[in-house]
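User: Could you walk me through a strand and some ring contacts in this protein?

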Amino acid sequence: MTEVDRRPEDVGEILVKVQDDLRHLLDQLLQRSIAGATKEIIDIKTLESAIEKTQDGIRAQSEKILNVVNNRVTTLPSVDAARSNKLVEAPNREAVWDISVLEDLPFRKNARAFHEKKLSQRFTAIEPSGGGGPFGPSPGQANKFQNKMKAIQDPTSNQNRKVLSDNYGVSLPLIVDKRKKQQPPPMKVVIGSTVDHLAVLPKANRVDPQLIPPPIQEKDARKGILSLMERGLIPPAAELTLDPNPVRQKLVTMYDPRERKDHRGMGTGDGILAQVKMDLESKQKDLVPAPTKVAKMRPATASSDGKTWADSPLPIRSRGPSSAKSQKSMSLVPVKTHDGPLPPPTTPASEFRHLHHRFSIQHGKVRDTNKDFVAFKQHYCLSWGNIVTMLKYLERFLASYAIPVAFINGDKLADLAIEYELDKQPSHKDLLTVIINIDDIRALISRPGRRYLGPDGEDVAATKIQSTWRRHMDRLAYLDYRKKKWAAGVIAISWVMHVKMAKIRKQLKTTRKQQLEWMREKTQQFQKSWNRIKKSRRVLIHLPSLGYSHKIRASFNDFNIQQNQQMSRLCDLIDPNVEIIYISPVPMNDETLQYYNKLLGLQSAVTSGNVEEQQDMSTRFKIIVPEAINSFPTHSMCLATLLKYSPRAIERIKNLIAGKSAYIVPGVMHKDDVSVAQMLGLPILGSEPEVAHLYSTKSGSKRIFTSAKVDIPPSDYDVYSLQQLHESIAQLVTDNLDVKRYLFKLDDEVDGRGIAYCDITPNLRCHTWAKKESVRYGEKWTQSWAQEPAYIKIHAEIPDVLSSHAQPVNKKVFPSWEVFLEAFLSQGGVIEACPPSDSVTAISVNMLIEPNNEMTMVSCGDQIHAETPFGCWGMSMPQSSVDPTQLYTACRKIALSCQQRGVLGYFTIDFVTFIDPNTMEQNLWAVDLNLWYDDSVGLTQLLLFVTGGKLDNRNCMFEVPPPIKEKKKVARRRYEELEEEEPPNTTRYAVMSTRLWHTNLAVVHYSVFFQMCRAHGIGFDIKERQGTVFTLIDNYKREGIGMLSVGEDLQGALASFARNLSVIHQEISAPNMQGMTNFKHVIEDIEGILGTTIQNMDRKEEEEEDGQENDSMIQDVE
């Protein structure tokens, strides 16, 4: 007997092979009969008859086996039907496996012994044999079979599961018949509502909700939360928390998906009994008379030893000596109890599982002689051409990876062949989809080096090595090429940018040159027509732009607010022929516009002294805000640049000045001021940007002062290196051994920010010796040969003294001396001696050089310092610290020197005055020069506007018109002597500042602020022409403010200024919210000035009394 593979899918193949063996046996018998002529002649007809019966039995048995494999249950026929079909069913009871008994005819030699042996296991009727006779079923058995069949056919029967389990080993799930519902026990019918009504509030509480609700009793609580809410005892919007919480939280155990349990169900059969494997044995030793055995039906799932669960033989029927009796007997099959879990019942879809075509490919070759492959080929014969091509791809793919065996799903292969029938080569991923054992194949393919185990592995490996090496070399070449290409691109872009920038710079240089030439021509025309413009109606375009360098602009906080500190320029309306266009760097709100409208409308009231005489000045001034102020929030552009990039603002200005004489009054000159002037076609009352920047530096101002031959402190300028710095300091110390402190000033800084100081002589070890040497040489000390020994020693000590004792003034901008020194050497600066006195007063003088070269002193005042002695926050006007003639002479000389260098417009000169301790004389040193419109110029215009006074800067006097007296009828007596009234005091002093700031001002609106000031008597008296006036400069944060205080004397003005600041601070501050402010420093500085002023007044009175006593003594002597 041919050895048969033990796979559940090959049952059909087993039966076919058995038929082939019978046919082969028949051929052997025929040959043996022909060869042995002397032996007994075999009846060929009898043998053929036996073979035909055997073949019929095999065919019938094959159908039954397939039915068992497909989990079909053969129904038991009735007793009457069994008798009528006994002749047809007789061949089915023949033993289909006892083929070897053909050699010992008759065929049923051992059948009786086989049936006579007692069975050790229980038997189950497979089908009833013929009726009647000793071997037929009894009427009771037939009835029993019929009841069992009814139970099997009715799935809802109580015996269904038991019959299938006892007779066929099929364990069905428990089916509950939901159609049979339990009838509820008979109960009494209840008529009406079965739900209790919810309790409600008492009528009193429903009428008056404010009454206290009734208490909650235990029975109310039992009715639940809904009842309490309906009664109103619990508000509907109340948040209810159940205690204990019905929802309880619990930790959930998370399992690793890789460790999930492998459920051993039906294996690869997916719950279909078609996958059940049966072990078929056909050896003669199993056919000895013994109890009939039946195979264990187990799922085809791999066990621990790698074998499938199929170890028992199929049921065997042996042929007995009496065929007639065996035909009438009922076949019994022993059924073993299943050890493991039984599979679920099959579905109709499982009947078609055998239609799948499966075959194998071993070592890259298809087993074309395999029956499965032959059946697959026959089934897809019409589309076999495409399938052959796909098989070639598949064989080539599996051979290239040396796959030992792969099982192919023929149906999927056919579908894939149809998809790629248009000469489209499938990918490896597509080919893997037709393989049944894809996991094993994928694991093999993914192993490193598997590709090189195939037939052409060496060639593929060599190709791979060569391609990898070539790729490596090409990659290196490409990286080098890309690097060179990138470098070439950078060089090309840099060169293109350089060329374009050079071209743009050239164009800008040409444009700037053309603009400068245009400005010079326009200035010449302006100078010729100045006298006419000055006396006629004109428009002043005030452009308060701070054209500092970009580094300085970027270091300012709220730079636009800094530019708006000159709102008092609007007071140029004091001239009736003037109209103002003010370019504002910040947006203006209605509150600010209303304040300035009211302030400027007081001009007629100031002139007449009557507060009610006010006029509307809104037609004479316009405030224009460039639209580009919000377009460049991080660029720190000056106002002139923003106006340049604001075409709508430029167009509006052109419309306002059309047909009128106009000119621009700039701030700090910038190149864009010239651009704006050219766009508007107007002249500028200012210097050229280059000239203004050059002579506004500390070194440039020293050149002006030196050429003007005015007194300046011992200093050296244009210092750009560390060696030059040390040499200059050593020389200055050697020449001026009495000076203790020296100042270091950066060229390009403003507001005292770029200043550092160092007390040098107190820290020099050789200072005492140097003073002795100077005394020893006397007048010859000025000679260089006499100073050389002291200079060498001082120069040697200077580096250590500077590194140890030099300090910057503004630690926010320059935290340390090293940072300041780096900035000093990068942009240059001056070294200047500090006045050798403890009492030093700084004076600021504002000058104007008109286009017709006429020089005018606009204002002069004493600076008031707050936080540092080098930073000015305000000034008192007029100045009272130095002789007016001496001051006027020095200013005249400096203005003449500026005029010779082409300076035009407003500029400010800073002086310091002190008493020399050696000569006890008052010295006046010029220390700084700023060629721009200062804040104090605008405040001076505001002072003249609100007082109507006249400022005599040559004599440093400020007087206002006397108050207008009201005419009263007074009855005079003829002989009564009338006392003469004292003339009113028309002298005024003013204290002004635009740099007052307090963070708490932001929480107070301007209207509330003025009401608060009015309540404390802070205001301006038009009749007396004294009081306080404010300027609003910050519309966004409202932290900054300007203030002007006017009084009859300097002490009164200072005291009024300090009192106003104190009141404002107390009103806008709380004990826990003091805020950040400079009010306190200003008040302290004013108190110091008041103390010094009182001492000077006492000293003056003593001198006058001493003078009077001397005069009386002289008169007595005479």
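Analyst: Happy to! This is a predicted model. First, a definition: rings of Phe, Tyr and Trp count as a pair if their centres lie within 6.5 Å.

User: How many aromatic pairs does a search of the whole structure find?

Analyst: With that cut-off in hand, we can look at the total. Searching the whole structure gives aromatic pairs numbering 29.

User: Is the pair of Phe-632 and Tyr-645 stacked, tilted or edge-to-face?

Analyst: The ring centres of Phe-632 and Tyr-645 are 6.1 Å apart, with 50 degrees between the planes. Planes under 30 degrees apart would be stacked and those over 60 edge-to-face. The pair of Phe-632 and Tyr-645 is therefore tilted.

User: How many residues apart in sequence are the parts that this pair ties together?

Analyst: Phe-632 is in the loop between strand S8 and helix H23, while Tyr-645 is in the loop between H23 and helix H24. The pair therefore ties together parts whose separation in sequence, in residues, is 13.

User: Are Phe-814 and Phe-820 buried or exposed?

Analyst: These two form an edge-to-face pair, 5.4 Å centre to centre. Phe-814 has a relative accessible area of 6%, and Phe-820 has 0%. Buried means under 20%, so both Phe-814 and Phe-820 are buried.

User: Which residue in S14 is the bridge partner of Leu-746?

Analyst: Strand S11 (residues 741–746) runs antiparallel to S14, and five bridges join them. All five residues of S14 (829–833) are buried. For Leu-746, the bridge partner in S14 is Gly-829.

How values were computed. Residues numbered from 1 in each chain as written. Predicted model: local features only at pLDDT ≥ 70, side-chain atom pairs only at ≥ 80, totals over all residues. Heavy atoms only, no water. Buried < 20%, exposed > 50% of the residue type's maximum accessible area, 1.4 Å probe, protein only. Helix = DSSP H or I, 4+ residues; strand = E, 2+ residues; numbered from the N terminus. Pairing = 2+ DSSP bridges. Phe/Tyr/Trp six-rings, centres within 6.5 Å; stacked < 30°, edge-to-face > 60°.
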